[in-house]
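Here are my notes on the model you sent over, as numbered points. Have the viewer open while you read.

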Amino acid sequence: RADVGLYRAKQAGRNRTVLESSRRPPLAVELVEAIARETLEVQYQPIVSLVDDGQTVGVEALVRWQSVTQPSVTTEEVIRVAEENGLIGNLDKFVLYRACRDAHDFQSAVADRRLILNVNVSGLELVEKDYVGRVDEVLRATGWPAAQLVLEVTESVLDVNTPTAITNLTDLRTRGIRIAIDDFGTGYSSLSRLKTLPTDFLKLDGSFITSITSEGEAPPLLEVIALLSTSLGLPVIAEGVENSHQAAVLTALGYSLAQGFYYGKPQSARGLIDSLGTPTSVGT
Ligand code: C2E
Ligand code: MG
Ligand code: MG
Ligand code: MG
């Protein structure tokens with residue numbers, strides 16, 4: 001862009017490092033700072049069991065960032081800016097570290113079951129050769145068990161032929177870490193491919209749940225996906241459940257896990273700990 005050129009010209013007298021970073025848009029420059037100073041926040045949304053009275057079985061970590069210059073930047077925007085400016089590796093590592101650290105407190109609040117911790121991974125990260133080593137490092141530093149970690153990868157990442165991604169997923173699973181295909185149903189995974197992918201959960205995209213309205217029958221695709229899940233042995237986590245009707249339809253179709261505003265919005269670690277201590281009224 002023209003303004004970038006002008007900006008660079010103004011910077012010309014400065015040293016090379018400044019010149020390099022001046023190529024970044026202002027939001028990215030601000031984000032570099034935020035990651036370095038660890039001023040990003042992580043919120044947690046419960047994942048519940050549809051068969052056990054809506055009991056919380058895990059949480060998904062979701063990054064939040066308050067930009068000083070641009071109010072209300074969405075998380076999707078943050079991720080996009082991070083990916084476009086080479087910052088996603090550090091962002092994802094920060095979130096993984098923070099989440100694995102906080103998860104110990106969630107686990108302490110529920111003595112009777114093992115919670116799973118779901119963390120999103122950018123496709124750009126997953127194709128990095130040293131990715132698995134970095135996950136190892138975080139688990140070692142935080143002491144969070146591999147068997148209680150689920151990494152969420154979007155379906156589109158696995159559409160393309162990326163041998164390193166597949167190798168990494170396989171290596172992660174060797175450690176006991178499980179893999180979820182995020183936004184399932186929005187990509188193009190062929191069914192035969194799905195069978196061979198190193199994966200453990202399908203996260204059904206919220207758009208499918210939105211299509212469950214109080215009028216009419218359940219969308220036929222939901223029935224097909226339930227059968228697919230059973231035949232592949234891949235449990236589905238239904239995303240974006242917003243009301244009791246949707247929850248009832250999913251339960252009737254045999255879905256076992258769900259997540260959405262109906263069960264709980266993403267909230268701070270403190271807020272989540274408090275809600276874990278309170279028996280849920282939902283689903284009973
Ligand atoms: P996602 O992983 O599919 O996460 C689910 C999104 O749906 C979250 O949006 C969540 O707040 C929202 N959501 C949950 N329940 C409901 C509901 O009942 N109704 C509606 N309408 N929405 C609901 P959020 O937090 O804005 O995150 C957007 C996306 O950004 C995530 O989608 C994920 O792909 C990405 N993301 C978030 N945190 C991270 C991160 O730490 N690293 C990476 N690489 N990506 C992240
Ligand atoms: Mg996710
Ligand atoms: Mg999703
Ligand atoms: Mg998404």
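1. Helices here are DSSP runs of H or I with at least four residues, strands are runs of E with at least two, and both are numbered from the N terminus.

2. Before going on, the ground rules. This is a predicted model, where local features need pLDDT of at least 70 and side-chain atom pairs count only at pLDDT 80 or more, while totals for chains, interfaces and linings use all residues. Residues are numbered from 1 along each chain as its sequence is written, chains are lettered from A and ligands numbered from 1 in the order in which they are written, and side-chain values use heavy atoms, with hydrogens and water left out.

3. Back to helix 4 (residues 75-84), where Val78, Val81 and Ala82 are buried. Those three sit on the same side of helix 4, because they cover an arc of only 100 degrees around the axis (the arc is that of the directions from the helix axis to the C-beta atoms). The general rule is that an α-helix has 3.6 residues a turn, so residues three or four places apart point the same way. Glu76 and Glu84, on the other side of helix 4, are exposed. "Buried" is under 20% relative accessible area, "exposed" is over 50%, and "partly exposed" is in between, with a 1.4 Å probe and protein chains only. The buried residues of helix 4 pack against helix 3 (26-36) and helix 5 (88-109).

4. Two more phi values to look at. Most residues other than glycine have a negative phi. Glu38 has a positive one, near 55 degrees, and Ser72 has one of about 50 degrees. Glu38 is in the loop between helix 3 and strand 1 (41-49), and with 49% relative accessibility it counts as partly exposed. Ser72 belongs to the loop between strand 2 and helix 4 and counts as exposed, at 64% relative accessibility.

5. Now the metals. Which residues coordinate the magnesium ion (ligand 2)? They are Glu60 (OE), Asn120 (OD1), Glu152 (OE) and Asp182 (OD), at 2.0 to 2.2 Å. Glu60 is in strand 2 (residues 56-64) and Glu152 in strand 4 (residues 149-154), so this pair ties together parts that are 92 residues apart in sequence. Both Glu60 and Glu152 are buried. Along the chain, the donors of this ion are spaced E-x59-N-x31-E-x29-D. A donor is an N, O or S atom within 2.8 Å of the metal (3.2 Å for Na, K and Ca), and water is not among the atoms, so sites may look incomplete.

6. Asp182 bridges the two magnesium ions (ligand 3 and ligand 2), which lie 4.4 Å apart. Asp182 counts as buried, with 6% relative accessibility, whereas Asp183 is partly exposed at 24%.

7. Ligand 1 is surrounded by 24 residues, and the closest are Arg64, Asp92, Asp182, Glu242 and Phe261 (near means a heavy atom within 4 Å). For polar contacts, read pairs of N or O atoms within 3.5 Å; within protein, one must be able to donate a hydrogen and the other to accept it, and residues adjacent in sequence count only if both atoms are side-chain atoms. A nitrogen atom of ligand 1 is 2.6 Å from a side-chain N or O atom of Glu242, and an oxygen atom of ligand 1 is 3.1 Å from a polar side-chain atom of Asp183. On the backbone side, a polar atom of Ser122 is 3.5 Å from a nitrogen atom of ligand 1. On its own, ligand 1 has 800 Å² of accessible area, and the protein covers 79% of that (Shrake-Rupley method, 1.4 Å probe; for residues, only the protein chains shown count as cover).

8. Ser122 itself is in the loop between strand 3 (116-120) and helix 6 (123-126). Its relative accessibility is 7%, so Ser122 counts as buried. Leaving out residues up to four places away in sequence, Ser122 touches Glu83, Ile88 and Asp92, with contact meaning heavy atoms within 4.5 Å.
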